[in-house]
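I opened my notebook to look up a few places in this model.

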Amino acid sequence: MSSPVKKNSHTIDSDTRSHISSRYKRITKAINQTFWDSSSETLHSFYVGSYGRGTAINTSDLDVLIELPDDEFSHFSSLYGNGQSRLLQSVKNALLQTYPNTNIKGDGQVVVIKFSDGMKFEILPAFRNNTIWGWDGTYKYPDTHMGGNWMTTNPKAEQEAMKEKNSSSNGLLFDACKHIRYVRDNNFSSYHLSGILIDTFLYDAIGGWHFLREGEKHSGGTTTFEEALLKYYNDISLYGCFTPDLKAPGSNMNVDASKGWEVLGKVLKFMI
C-alpha cells in the first residue's frame with residue numbers, strides 16, 4: 001500500500017483555525033496582563049513550531065512563543081535553585097487566571113495547556129538575545145532539566161527559510177511535511193517523530209522537486225518523489241544505520257534526530 005503526497009492535502013479547516021486564533025489571543029492577553037501590564041491579545045507573541053512554519057495538520061500541537069521583559073530574565077536567572085522552573089510556574093499561574101479549570105502544567109521548556117476538546121497549546125516563554133550591536137534575532141528560553149539552564153532558538157529564521165523553499169517548490173514542501181505527519185499519526189502513532197525533524201529532513205531532501213506549475217510538463221523521469229525521499233534518507237544514513245547531523249532550516253541550529261530517525265525511515269517506506 002502506497003501513500004503518495006498530494007497537493008493541498010491535510011489542510012486545517014477554517015473553523016478550527018478560528019478556534020485556534022481565539023485561544024491564542026486569550027492566552028497572549030493573560031500573559032501580557034501579568035508580565036507587561038497590557039491587555040493586548042497579539043503583542044509579544046507569535047506561533048512557532050509546526051503551526052508557525054506552515055506544516056501543521058489538525059492533530060498538531062499549537063506552539064506559541066511569548067516574549068517577556070528583560071528584567072524578568074534578570075530576576076529568574078538570579079534565583080538560586082532552578083529559576084527556569086520558577087519562571088514556568090509564574091507563566092502557569094498567569095494562565096490560570098484566565099483558565100482556572102483547565103489542565104495547565106510546566107513541562108521542560110514550555111507550559112502546556114490541555115483543553116478538554118483535545119486541543120493542546122505549548123507556551124514557550126522567551127527573552128530577546130541582545131548583543132552590543134542590538135538584537136540578533138534569537139531568543140533564549142528556559143530549560144528546567146539538569147538543574148536549569150537557558151537555551152537559544154531562532155524560529156523566525158526557520159519560518160522564513162521554510163516559506164521560501166515552499167514557494168520555490170510550488171507548495172510541495174509544506175504538503176510533504178503535512179503528509180508525513182498524517183502518515184505518522186495514522187500508522188506509527190506509538191513512535192516519536194518530531195515536527196522539526198520532519199521539516200528539516202524534507203527541507204534538505206526536496207532538492208529541485210516541485211509541483212508542476214501552470215503549463216509545465218512532467219520531465220518524464222521514472223523515479224517518484226517518494227522514492228527520491230527514501231533514497232536520500234538511505235544515502236545520508238547508510239540505510240538508517242546511523243543518525244546524521246541535521247541543522248534546522250534558516251537558523252542552522254542542531255536538530256536532535258536520535259529519537260525519530262528510525263521511524264522516519266518507516267514512514268518513508270510506507271509511503272512507497
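**Entry: Leu 202.** Is Leu 202 buried or exposed? I looked up its relative accessible area and found 0%, so Leu 202 is buried. The model is predicted, and I keep that in mind for every entry. Leu 202 belongs to helix 7, which covers residues 195-205. Next I asked what Leu 202 touches. Setting aside residues up to four places away in sequence, I listed Leu 173, Ala 176, Cys 177, Ile 180 and Leu 229. I also checked one pair by distance. Leu 202 and Ala 176 are 26 residues apart in sequence, yet their C-alpha atoms are 7.6 Å apart in space.

**Entry: helix 6 and helix 9.** I turned to helix 6 (residues 172-187) and helix 9 (residues 261-271). Their axes come within 10 Å and cross at roughly 100°. Helix 6 is therefore roughly perpendicular to helix 9, as 65 to 115 degrees counts as such. Which residues meet here? From helix 6 I noted His 179, Ile 180, Val 183, Arg 184 and Asn 187. Facing them in helix 9 I noted Leu 264, Val 267, Leu 268, Phe 270 and Met 271. Sorted by class, this contact has 7 nonpolar, 2 polar and 1 charged residues.

**Entry: Ser 3.** I then looked at Ser 3, in the segment before helix 1. Its relative accessibility is 12%, so Ser 3 counts as buried, the cut-off being under 20%. What does Ser 3 contact, apart from neighbours within four places in sequence? I found His 179, Val 183, Phe 270 and Met 271.

**Entry: helix 8 and helix 9.** Helix 8 spans residues 225-237 and packs with helix 9 at an angle of about 150°. The two axes are 9 Å apart. Angles over 145 degrees count as roughly antiparallel, so that is how helix 8 runs to helix 9. The crossing of helix 8 past helix 9 is left-handed. On the helix 8 side I listed Glu 226, Leu 229, Leu 230, Tyr 233, Ile 236 and Ser 237. On the helix 9 side I listed Trp 261, Glu 262, Leu 264, Gly 265, Leu 268, Lys 269 and Met 271. The class count for this contact is 8 nonpolar, 2 polar and 3 charged residues.

**Entry: helix 3.** Which residues of helix 3 (residues 70-78) are buried? They are Glu 72, Phe 73 and Phe 76. These residues lie on the same side of helix 3, because they cover an arc of only 100° around the axis. Asp 71 and Ser 78 are exposed on the other side of helix 3. I also looked up what the buried residues pack against. The partners are helix 1 (14-35), helix 4 (83-96), strand 5 (120-131), strand 6 (134-143) and strand 7 (149-153).

Entry: Most residues other than glycine have a negative phi. Asn 8 has a phi near 60° and is found in the segment before helix 1. At 56% relative accessibility, Asn 8 counts as exposed. Asp 37 has a phi of about 55° and is not a glycine either. Asp 37 is in the loop between helix 1 and strand 1 (45-48). Its relative accessible area is 73%, so Asp 37 is exposed.

Notes. Residues are numbered from 1 along each chain as its sequence is written. This is a predicted model: local features need pLDDT of at least 70, side-chain atom pairs count only at pLDDT 80 or more; totals for chains, interfaces and linings use all residues. Side-chain values use heavy atoms; hydrogens and water are left out. Buried means under 20% relative accessible area, exposed over 50%, partly exposed in between (1.4 Å probe, protein chains only). Helices (H or I, at least four residues) and strands (E, at least two) are DSSP runs, numbered from the N terminus. The arc is that of the directions from the helix axis to the C-beta atoms. Contact means heavy atoms within 4.5 Å. Axes are lines fitted to C-alpha atoms, for helices over the stretch in contact, and angles run from 0 to 180 degrees between N-to-C directions. Angles under 35 degrees count as roughly parallel, over 145 as roughly antiparallel, 65 to 115 as roughly perpendicular and the rest as oblique. Ala, Val, Leu, Ile, Met, Phe, Trp, Tyr, Cys and Pro count as nonpolar, Asp, Glu, Lys and Arg as charged, and the others, Gly among them, as polar. A crossing is left-handed if the near helix is turned anticlockwise from the far one by less than a right angle, and right-handed if clockwise.
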